[in-house]
Amino acid sequence: MRVVLLGGSGFIGRALTQALISRGDEAVVPTRHVPAITSPAGPEYQLWDGQDHSSLSQILNGADAVVNLLGENIAAKRWSPGQKERILSSRLLAGQALVIALQLPIVRPKIVIQASAIGYYGFWPESLSAPECTEDSPAGSGFLATATIQWERSTQQAEHLGLRRCIIRTAPVLGLGGGMLAKLLPVFQLGLGGPIGTGRQPFAWIHLDDEVAAILFLLDHEELGGPFNLVAPEQNTMNDFVQSLGRALKRPVWIPIPSPLLRLVFGDMADELLLAGQKVSPTRLLEHGFTFRRPTLNSALPL
């Protein structure tokens, strides 16, 4: 299989690229900066500015699949109005370029895997009162919900072209080399980690191994399409997570991070990403026979 990965140099993209290559597939990574030195055992890099549909169409020509992971990191910076615009526009411009490229006279891929996030369902500050969200649950409110709705719609036209499209609503990804743990590990290793806010907010997550395995599963099963929740089946609170991380690192978890401080530092981001969360089930993956490698925090941590 020849797979084009938009966003292939990111945290999930790098792991997916290596997994594809390891099983004998070709991985093509469009990028603004092609490395001067590449490995024969690595991906194929193609020059692309992230917006031009004409050059992207040539990259897509003859590919079997395209995975669109491209977008500004939602947790990289405080959510100023400008940062919110960058988060949204980086996703929509990539999706629009992809749809236009697919409409040009090329040999099209058969499948588009479109990234999204469980923020689609909204956010709740208390796990006990949060509903369990499946792929059939309605969209919620808030910035992340609004952004993910538009992100998903940005490539909807691919379905009208006869392509199979899978939407992956991904939870925070646990793994080395990126994601939320890249910021948390140094703090916890120093013994300075602690409960975030009340600790009672729902905390949905997925290990990087399962994120990659689920995407491969969707690539390989031609009968599957539509939205899929990429989230571990175990349901946890934020306190469950920080306590498990402390045990895994053999470090104390005792310094609470109060909600007012988080709001002061992170603004709106604190309310949607840190002080609230979602209770989400991977219903459709389980129904179609996907097996999680790391279904619990105890199996996911240590890394």
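1. Ground rules. Residues are numbered from 1 along each chain as its sequence is written, and side-chain values use heavy atoms, with hydrogens and water left out. Since the model is predicted, local features need pLDDT of at least 70 and side-chain atom pairs count only at pLDDT 80 or more, while totals for chains, interfaces and linings use all residues.

2. The cavity. One cavity of 30 Å³ or more turns up in the structure (a set of points on a 1 Å grid over the protein atoms alone, where a 1.4 Å probe fits but cannot get out). The largest cavity has about 50 Å³ of space, a volume being the space filled by probe spheres set on the points, which are joined across faces, edges and corners.

3. What lines it. Strand 9 (202-203) and strand 13 (279-280) each give the lining at least two residues; strands (E, at least two residues) and helices (H or I, at least four) are DSSP runs numbered from the N terminus. The lining splits into six nonpolar, three polar and two charged residues (Ala, Val, Leu, Ile, Met, Phe, Trp, Tyr, Cys and Pro are nonpolar, Asp, Glu, Lys and Arg charged, and the others, Gly among them, polar).

4. Helix 6 on helix 8. The axes of helix 6 (residues 181-189) and helix 8 (residues 238-249) come within 10 Å and cross at roughly 60° (axes are lines fitted to C-alpha atoms over the stretch in contact, with angles from 0 to 180 degrees between N-to-C directions). That makes helix 6 oblique to helix 8; under 35 degrees counts as roughly parallel, over 145 as roughly antiparallel, 65 to 115 as roughly perpendicular and the rest as oblique. Residues in contact (heavy atoms within 4.5 Å) include Leu181 and Phe188 of helix 6 and Phe241 and Leu249 of helix 8. By class, this contact of helix 6 with helix 8 has eight nonpolar, two polar and no charged residues.

5. Helix 3 on helix 4. Here the axes of helix 3 (residues 81-103) and helix 4 (residues 143-153) come within 9 Å and cross at roughly 15°, so the two helices are roughly parallel to each other. Lys84, Ile87, Leu88, Arg91 and Leu92 of helix 3 meet Phe143, Ala147, Gln150 and Trp151 of helix 4. That contact counts six nonpolar, one polar and two charged residues.

6. Helix 2 on helix 3. Helix 2 (residues 53-60) packs on helix 3 at about 65°, with the axes 8 Å apart. His53, Leu56, Ser57 and Leu60 of helix 2 touch Ala97, Leu98, Ile100, Ala101 and Leu102 of helix 3.

Technical notes. 1 Å grid on protein atoms, 1.4 Å probe; cavity = no way out; pocket = protein on both sides within 12 Å on 5 of 7 lines; lining within 4 Å.
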